[in-house]
Amino acid sequence: MTIDRSLDSLDPRFYLKAIEFLARLTEAKIYVMVIETGRTWKRQEHLLEMGASQTKRSKHLSGEAIDLAPILQYKNGRVLQLEWSADAQLYKRMGEIASQIGGIRWGGDFKSFKDLVHFELE
Ligand SMILES: [Zn+2]
């Protein structure tokens, strides 16, 4: 099952916010890798079975969400290490930058299921 990382899969209403978010992250010297954008229902079912998602109404299904992970190590065009740590300051800064744009909800602010890599249209 392929994972969709294309920005073209984003809903037009979310696309421009995602582009601005990526630009602001670069400005803040936070370099990220796109982990996932759009998602098929088949993949959502798979994630539910694995316990990696807890919703049947993920905004990835409508192209209104993007998952981003900070790059810790990068060499010769290859990502060597991503930040996955749940208490990483980098994610908190990403959440703050997202809130400055407005209209983006960060998964780290979710009440039940904290999803640090997740940013979606509000
Ligand atoms: Zn997500």
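Colleague: What span should the 13 residues of helix H3 have, and how far apart are its end C-alpha atoms?
Modeller: H3 covers residues 89–101 and should span 18 Å at 1.5 Å a residue. The expected span is 1.5 Å times one less than the number of residues. Its end C-alpha atoms are 19 Å apart, which agrees. This is a predicted model: local features need pLDDT of at least 70, side-chain atom pairs count only at pLDDT 80 or more, and totals for chains, interfaces and linings use all residues. Residues are numbered from 1 along each chain as its sequence is written. Helices (H or I, at least four residues) and strands (E, at least two) are DSSP runs, numbered from the N terminus.

Colleague: Which residues of H3 are buried?
Modeller: Tyr91, Met94 and Ala98. Buried takes 20 or more other C-beta atoms within 10 Å of a residue's own, exposed 12 or fewer, partly exposed in between; C-beta atoms are placed from the backbone.

Colleague: Why are they on the same side of H3?
Modeller: They cover an arc of only 55 degrees around the axis, so they share a side of H3. The arc is taken from the directions from the helix axis to the C-beta atoms.

Colleague: What is exposed on the other side of H3?
Modeller: Gln89, Glu96 and Gln100.

Colleague: New topic. How many residues of helix H2 are buried?
Modeller: Zero of its 10 residues, 41–50, so H2 is hardly covered.

Colleague: And the strands: in what sense do S2 and S5 pair?
Modeller: Antiparallel, over three bridges. Pairing needs at least two DSSP bridges. Asp67 has His118 in S5 as its bridge partner.
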